[in-house]
Amino acid sequence: MIVRSQALRGIAAGIPFLLCIACSPDGERESVSAEAQERGRLLAAQHCIACHQVPEPDLLTKRSWEFTLTYMGFFLGIDDVRPLEQASESTRDSIALREEFVRAAKMFPEVAAPSQDDWETLRSYYVANAPETAISMNRDESPEEDTSQFRPRSTQYRMETAITSMVHIDEAHGLLYIHDSGSEQLTVLDRNLSFHDNHPSPGVALVDAHVSGDDLYLLSIGDLFASNIGTPLGEVQKTRVLGGVFMGLEVLVDSLHRPADFQFADLDNDGLDELLVSNFGDYTGNFSIYRKESPEAPYDSTPQILSAQPGIVKGEAVDLTGDGYRDIVVMASAGRENVSVFVNNKDGAFRQEALWEMHPSFGYIGFELRDFDGDGQLDLLTLNGDNGDSDPYNTLKRDHGIRIYLNRGDLKFEEAYFYPMYGVYGAEIEDFDEDGDLDIAAIAFHPDFSRDKLENFVYLEQTGSLEFAAKTHPSTYNGRWLTIDSGDVDGDGDKDIVLGAAYVPVGMRDGQMDLYEKLLEDSPPILVLENRMPRP
């Protein structure tokens, strides 16, 4: 599931070739032969590489691989769900829905790529070498509870069952925008966090916003939970905010394929901003540039497509080469997880320079460009915590977390900091404590649900050069946070934080439904954390 600020349905006896999990007389599992293992590894390299990096078996558990390989088999023309016959009903429903989606997207080959024997050998290789339980993160301690920096503020916002797909602080107008994609409503609160206005938005699922003067630009993903495969329902909207009131609504671009992010940027230095759209899509997507001929003209209906890869989560235009023209940093998820720079050739064309590619369960969700070390160059902070694709179990991923890559020039970035965080899903970067350096506030939508206190929010206070003290606030435990924004909500000059919750059962159906029901009953739709910086 991807939303910016973002995508909400045992082992069978009689399988002829599951040697990797065949049982010995005393009931313990035996491994396949070394020859079969090597053959399985080679088959994985042959068939998996067409779509993404070849994953290592220890990235998932045995149970997760049984689900994931069944799902991946659909893309190779393999329809074999027998390994899931003893799984829960919700898991079997989930795999049936994914098969339906793959067929609807016309990505289920009529002829299977591997033979049945080869497929079972490949499958056996992964299950045999996978751990029973997920390999844990390498982290010494949990965040420290701290209530000195932020305090929760009460609001007049109410929502019985929240799916808060957007929270956005409009500092210029002193307003807070909250969009709930379940009720399809855009609610506006004032600086006192009191009710100001409400706008019904049928068919719209807002996930991002930009403010420019009195103009408010809104991005609708259109199909939040990918229930309409291949149908482009997203759009970019524009309205004006006058005296806190919305005046008119204009659709600038429509028929977008589940867009997750947008930005305006002048790419050719002609004084006109182009519109950059990151279409996450479902099984197809792209990164598109829309141009216009004059300030009053509409955007061209046919965009320039820089990348036709699905799963684009964000793009940002910045001059990384120092030639006066903006290049574009683009992040892609959904299998071929990667970060690229599209270098501006100054003639309307761009040259792609891949920075790196990660394994398919890495779960990229977003990035930010900021100067963390004060050398005048933009560094790259990345987030990877999406956990809704590989299986329905919320299998914990040891690679999830927050990374800072320092800009070494010439499009070279070096990892300099890593904070492990299961299911991280959004971050805001500000000098929250006003000590002259950048701090990080982050949320997790897919935390470890087995913990008594959900680690779903962290405040990383920078205490030295790329040294951070990890803190959290107890008021954040009772929520499943999907969206985050920072800004001066109350007009007192410092940066506050707003969290938006989504109470959906994604990743909780198998084993966590009691917690899910509790969250539905007791948890808030949003949480405003007021910065308590002292003022003269």
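Two strands are taken to pair if DSSP finds at least two bridges between them, and the strands themselves are DSSP runs (E, at least two residues), numbered, like helices (H or I, at least four), from the N terminus. The model described here is predicted, so local features need pLDDT of at least 70 and side-chain atom pairs count only at pLDDT 80 or more, while totals for chains, interfaces and linings use all residues. Residues are numbered from 1 along each chain as its sequence is written, and side-chain values use heavy atoms, with hydrogens and water left out.

Strand β15 (residues 312–318) runs antiparallel to β16 and is joined to it by six bridges; here Lys314 has Met331 of β16 as its bridge partner. Strand β16 (residues 327–332) is mostly covered, with six of its six residues buried, where buried means under 20% relative accessible area, exposed over 50% and partly exposed in between (1.4 Å probe, protein chains only). In a regular strand the side chains alternate between the two faces of the sheet. In β16, Asp327, Val329 and Met331 point one way and Ile328, Val330 and Ala332 the other, and all are buried.

On its other pairing, β16 meets strand β17 (residues 337–344) in the antiparallel sense over five bridges, with Ile328 opposite Phe342. The two strands form a hairpin with four residues between them, and Ala334 in the turn has a positive phi of about 60°. Strand β18 (residues 350–358) pairs with β17 in the antiparallel sense over eight bridges, and Val339 stands opposite Trp356.

The nonpolar cores come next; each is a set of buried Ala, Val, Leu, Ile, Met, Phe, Trp, Tyr and Cys residues joined through side-chain atoms within 4.5 Å. The largest holds 44 residues, of which Leu275, Phe372, Ile402 and Ile404 touch the most other members. Strand β23 (residues 424–430) gives the most to this core, with four residues. Apart from this core lies another, of 32 residues, including Ala162, Leu176, Ile178 and Ile497. With contact meaning heavy atoms within 4.5 Å, Leu275 touches residues that include Val236, Val253, Phe262, Phe264, Ile289 and Tyr299, not counting those up to four places away in sequence.

Helix α4 (residues 116–129) has 14 residues and should span 20 Å at 1.5 Å a residue, which agrees with its end C-alpha atoms being 20 Å apart; the expected span is 1.5 Å times one less than the number of residues. Ten of these 14 residues are buried, among them Trp119, Leu122, Tyr125 and Tyr126. The buried residues of α4 pack against α1 (34–48) and α2 (62–75).

Ring pairs link Tyr125 and Tyr126 with Trp65 into a cluster. Rings of Phe, Tyr and Trp (its six-membered ring) pair if their centres lie within 6.5 Å, with planes under 30 degrees apart counted as stacked, over 60 as edge-to-face and the rest as tilted; the count comes to 16 aromatic pairs. Charges also sit over rings, that is, NZ of Lys or CZ of Arg is within 6 Å of the ring centre and within 35 degrees of the ring normal. Arg103 lies over the face of Phe108, at 3.7 Å from the ring centre, and the charged end of Lys314 sits over the ring of Phe367, 4.9 Å from its centre.
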